[in-house]
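Colleague: I have a model open and would like to go through it step by step. Can you take my questions in turn?

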Amino acid sequence: MGAIRTTCAYCGVGCGIRAEVSGGNGIEAAGSGDGDRGVAITGDPDHPANRGRLCSKGTHLGETVGLEGRLLYPEINGKRVSWDKAIDRVARKFADTIERHGPNSVAFYVSGQLLTEDYYVANKLMKGFIGSANIDTNSRLCMSSAVAGHTRAFGEDVVPATYEDLDQADLIVLVGSNTAWCHPIVYQRIMAARAERGAKLVVIDPRKTETCEEADLHLPLRPGSDVALMKGLLAHCREAGVTDEAFLAQHVATPEGFWEALGEGADLWSTAATCDVPPADLRAFYDLFAKTPRTVTLFSQGINQSIRGTDQVNAIINVHLATGRIGKPGAAPFSITGQPNAMGGREVGGLASTLAAHMDFAAENVATVKRFWAAPHMATQPGLKAVDLFRQVREGRVKALWIMATNPAVSLPDAGLVREALDTCPFVVVSDCIADTDTNRFADVKLPAAGWGEKDGTVTNSERLISRQRALFPLAGEARPDWWIITRVAQAMGWAGHFAYDRPADIYREHARLSAYQNDGKRVFDLKSQAAISNADYEAMEPFRWGGAPFADGRFSTPDGKARLVPVTQMVLENPLAKWPLTLNTGRYRDQWHTMTRTGLSPRLSQHRREPMVEIHPEDAAELGIAADDLVRVATPQGESLFRALLSEGQRRGEVFTPIHWTDRQSTGGRTGLLPRPLVDPISGQPGFKSTPVRIEKVIPEWRGFAIARTLPDVIPAAYATRIRVPQGWLVEVAGEGDPASVAKAVLPRGEKIEIVDSARGGLRAAVLAEGQLIAALFITRDGRLPSREWLIAQLASADTASSIELLAGRPATPQVDRGPIVCVCFDVGMKTIVEAIATQGLISVDAVGAALSAGTNCGSCRPAIQRLIVEHKEEAVHA
Ligand code: SF4
């Protein structure tokens with residue numbers, strides 16, 4: 001079969017993929033879909049979002065499509081049941097709960113991983129048939145402040161920019177976005193714009209991330225001071241005479257007193273003091289912005305995930321409206337989304353705060369949607385947003401909860417409370433493709449959902465581009481698409497006629513018709529042209545963008561057609577607390593996605609960061625007696641967890657950073673979700689993940705070590721145990737107190753065991769072989785000395801087993817070159833190899849390193865890291 005064109009599973013960049021399924025395991029194959037699944041993934045050169053490029057996550061998608069860890073059959077209370085029985089149980093329980101306690105006693109918590117068709121039927125069932133708006137989504141955690149900000153300013157949640165604007169901009173401002181790691185293909189497009197057009201790049205972020213490596217200017221502002229910075233910018237633009245008075249007069253409604261209120265504290269010196277940035281740098285940014293009409297301000301989680309996220313969004317939009325930099329090529333505010341289909345969820349109305357098809361809960365909208373759906377029980381007001389939803393589950397007011405394709409026990413703030421809520425909730429249903437997640441351990445009913453490679457439907461990316469996601473493989477086991485599961489439950493609840501869909505195209509057509517129904521140009525979101533699409537045309541659909549060039553005519557989606565300047569308030573910035581003196585920021589790693597249920601399956605992606613690290617400024621670390629690689633406890637009033645220390649000059653003093661990915665399944669530590677406060681933005685309900693008061697302290701375990709093994713048990717009895725995939729097995733880092741014998745018992749299987757026990761120093765080295773091949777090894781030390789992991793990992797996958805002496809030494813008799821941590825996962829190039837090449841060959845550009853070592857020449861995700869190494873070692877290169 002030929003290549004199947006589909007869309008990447010991960011971020012909101014929405015890259016197109018060509019997938020060549022090997023062997024007989026493609027969608028045309030008969031059978032259950034079990035067995036080996038081979039697929040070669042390349043970027044789709046014809047997809048406008050990526051033009052053939054893929055980042056490291058997309059490139060290695062093929063390593064994550066196997067059936068390992070999949071949920072393959074419906075289960076009730078842990079026992080396999082038929083689909084009929086599972087559907088019947090869910091329908092009855094929901095119906096009974098609604099009958100006894102009313103429609104608001106039930107809720108759905110869904111996900112930006114769902115396809116638009118899945119999202120549409122879930123929203124329709126809850127808001128039109130159950131009669132509640134208690135359907136919220138994990139997109140609440142990543143971009144709901146942008147939704148609220150767009151709606152306040154434009155009258156509709158419309159992203160006014162496209163990636164082409166990045167190609168055409170003369171200045172690109174990145175605010176609260178580690179684009180190089182979180183949206184790598186967008187970052188590469190920005191780099192191309194710099195190379196081709198000389199576009200300037202300014203990064204506004206408390207942390208000096210790899211995104212800053214190529215920036216003309218980095219403003220490491222104090223967390224939460226973005227409103228002050230943008231108000232200062234707006235005041236500067238007005239003073240410099242670059243506000244567009246004609247545009248403001250014709251197309252923007254300005255509240256009375258707006259400009260007068262702006263003036264207070266918006267002078268350069270006060271703003272620099274509030275933001276804690278050098279006044280000269282701030283001035284340089286303001287001047288550059290003022291003189292560059294073609295400016296795109298791209299923002300992401302650093303703006304949205306704040307307890308004043310909506311004001312932060314509007315502060316950015318205010319500047320663009322006031323300078324007329326919107327609706328023109330290369331000029332726009334640009335919210336970039338985290339998840340692959342957060343935008344599709346926004347389109348169908350899959351947030352508790354929106355109704356459907358970009359309509360809110362105004363009475364005429366409720367009547368319109370009720371008519372369209374012929375709905376018996378319409379929700380008439382917004383439902384519970386994510387944090388409030390789980391609080392009400394905990395308080396017993398929500399009694400039946402259906403979670404689809406997400407892992408709130410890890411991802412929501414104050415995750416300990418979420419677990420209590422799930423534990424006490426009388427009825428929890430989880431639809432997921434993964435058998436064992438931190439969340440579905442609480443499920444009464446588990447429903448096996450189709451995985452990425454089996455799903456069929458549409459997704460919308462950050463720039464309003466709708467693309468098809470196409471199935472590559474047959475459904476695994478008894479897994480079913482989410483739309484199928486939801487509609488079967490709706491049918492069993494008595495609404496068969498309203499949920500009679502045979503295929504995703506049926507749902508898509510209805511979704512398109514609703515967007516156009518009595519729209520009459522009121523809303524930009526209008527898929528009229530898709531309303532009668534044939535099944536064949538749906539199959540063959542090419543990526544297309546809805547909305548054209550929004551606001552190019554100066555008309556917005558408000559009753560008077562004008563946009564709104566929105567008064568915004570700088571939040572009161574907290575001073576460090578005596579008991580919690582540091583501020584925690586959280587975010588993503590380059591090569592992992594969310595809770596690692598898929599990316600964690602890839603040995604290559606696991607190489608980039610092998611453990612959950614807390615990044616801390618070296619001077620803060622020194623004051624706390626913390627050295628690189630120490631184990632560190634990070635604690636807040638909500639919870640605590642262990643991390644490995646990473647000293648980083650990129651951190652501001654007094655601030656630390658941890659990744660969001662690690663769960664109970666992979667680690668006893670690294671549980672960032674336990675730490676943030678459940679405080680939310682009052683308008684969007686988005687949690688403020690970016691600034692939590694914390695305390696950290698060094699932990700001195702009696703011993704530490706690591707094991708490699710073909711298989712591992714679920715539980716490893718150590719205070720700290722964190723695992724990742726390696727070729728042919730696992731690597732687990734451990735540390736703890738007392739006798740490590742229990743760890744040895746857990747990780748070393750039966751077999752031919754060789755071992756050295758150093759009783760005097762409490763060390764242990766052991767290896768287990770089966771039929772002459774290494775299957776596990778464990779190294780424990782009390783003095784800190786451990787062998788390099790790399791050689792031992794290679795032995796796990798090697799047919800030529802090393803000698804017993806070599807295995808117990810943890811190194812070959814003939815010393816090998818230490819490559820250092822892997823930087824380029826595509827070509828397996830280590831840091832030390834790159835540094836040596838820079839020094840010995842005088843390499844002073846990323847392209848030169850690529851030519852010498854291939855590093856950075858495939859997906860390009862490591863290019864910023866290579867650039868950083870060049871900057872750090874350029875002195876050595878100059879003398880080469
Ligand atoms: S940037 Fe990477 S993760 Fe995001 S859609 Fe593209 S390939 Fe996938």
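The questions below go from the ligand to aromatic rings, strands and cysteines.

Colleague: What kind of model is this?

Modeller: The coordinates do not come from an experiment on this page; the model is predicted. Local features are described where pLDDT is at least 70. In one word, the model is predicted.

Colleague: Which helices each supply at least two residues of the shell around the ligand?

Modeller: The ligand is surrounded by residues that include Lys57, Gly58, Pro184 and Ile185. Lys57 and Gly58 fall in the range 56-59, and Pro184 and Ile185 fall in the range 184-197. The helices asked for are H1 and H7.

Colleague: How many residues of the shell around the ligand are nonpolar, polar and charged?

Modeller: Among the residues around the ligand are Cys8, Cys11, Cys15 and Cys55, along with Tyr10, Val13 and Leu54. Gly14 and Gly58 also surround the ligand, and Gly counts as polar. By class, the shell has nine nonpolar, two polar and one charged residues.

Colleague: Tyr10 and Trp593 form an aromatic pair; is it stacked, tilted or edge-to-face?

Modeller: A pair of aromatic rings is described by the distance of the centres and the angle of the planes. For Tyr10 and Trp593 the centres are 5.8 Å apart and the planes are at 50°. Planes under 30 degrees apart count as stacked and those over 60 as edge-to-face, so this pair falls in the remaining class. The pair is tilted.

Colleague: How many residues apart in sequence are the parts that this pair ties together?

Modeller: Tyr10 lies in the loop between strands S1 and S2, and Trp593 in the loop between strands S21 and S22. Both Tyr10 and Trp593 are buried. The pair therefore ties together parts whose separation in sequence is 583 residues.

Colleague: The charged end of which residue sits over the ring of Tyr73?

Modeller: A charge sits over a ring only if it is within 6 Å of the ring centre, among other conditions. Over Trp730, the charged end of Arg725 is 4.5 Å from the ring centre. Over Tyr73 the distance is 3.5 Å, and the residue is Arg80.

Colleague: Which strands stand at the edges of the open sheet of seven strands?

Modeller: The order of the sheet is S5-S4-S16-S15-S14-S6-S7, with mixed pairing. A strand at an edge has a single partner strand, so one of its sides is left without a neighbour in the sheet. The edge strands are S5 and S7.

Colleague: In which sense does S16 pair with S4, and in which with S15?

Modeller: Val445 in S16 is the bridge partner of Ile76 and also of Val429. S4 and S16 pair over two bridges, while S15 and S16 pair over four. The sense is antiparallel with S4 and parallel with S15.

Colleague: Are the residues on the two faces of S16 buried or exposed?

Modeller: In a regular strand the side chains alternate between the two faces of the sheet. In S16, Val445 and Leu447 are on one side, with Lys446 and Pro448 on the other. Both faces are covered, and these four residues are buried.

Colleague: How far from Cys237 is the nearest cysteine sulfur?

Modeller: The structure holds zero disulfides. Cys237 is buried, with a relative accessible area of 0%. A disulfide needs two cysteine sulfur atoms within 2.5 Å. For Cys237 the nearest cysteine sulfur is that of Cys275, at 15 Å.

Definitions and conventions:
Residues are numbered from 1 along each chain as its sequence is written. This is a predicted model: local features need pLDDT of at least 70, side-chain atom pairs count only at pLDDT 80 or more; totals for chains, interfaces and linings use all residues. Side-chain values use heavy atoms; hydrogens and water are left out. A residue is near a molecule or strand if one of its heavy atoms lies within 4 Å of it. Rings of Phe, Tyr and Trp (its six-membered ring) pair if their centres lie within 6.5 Å; planes under 30 degrees apart count as stacked, over 60 as edge-to-face and the rest as tilted. Buried means under 20% relative accessible area, exposed over 50%, partly exposed in between (1.4 Å probe, protein chains only). A charge sits over a ring if NZ of Lys or CZ of Arg is within 6 Å of the ring centre and within 35 degrees of the ring normal. Two strands pair if DSSP finds at least two bridges between them.
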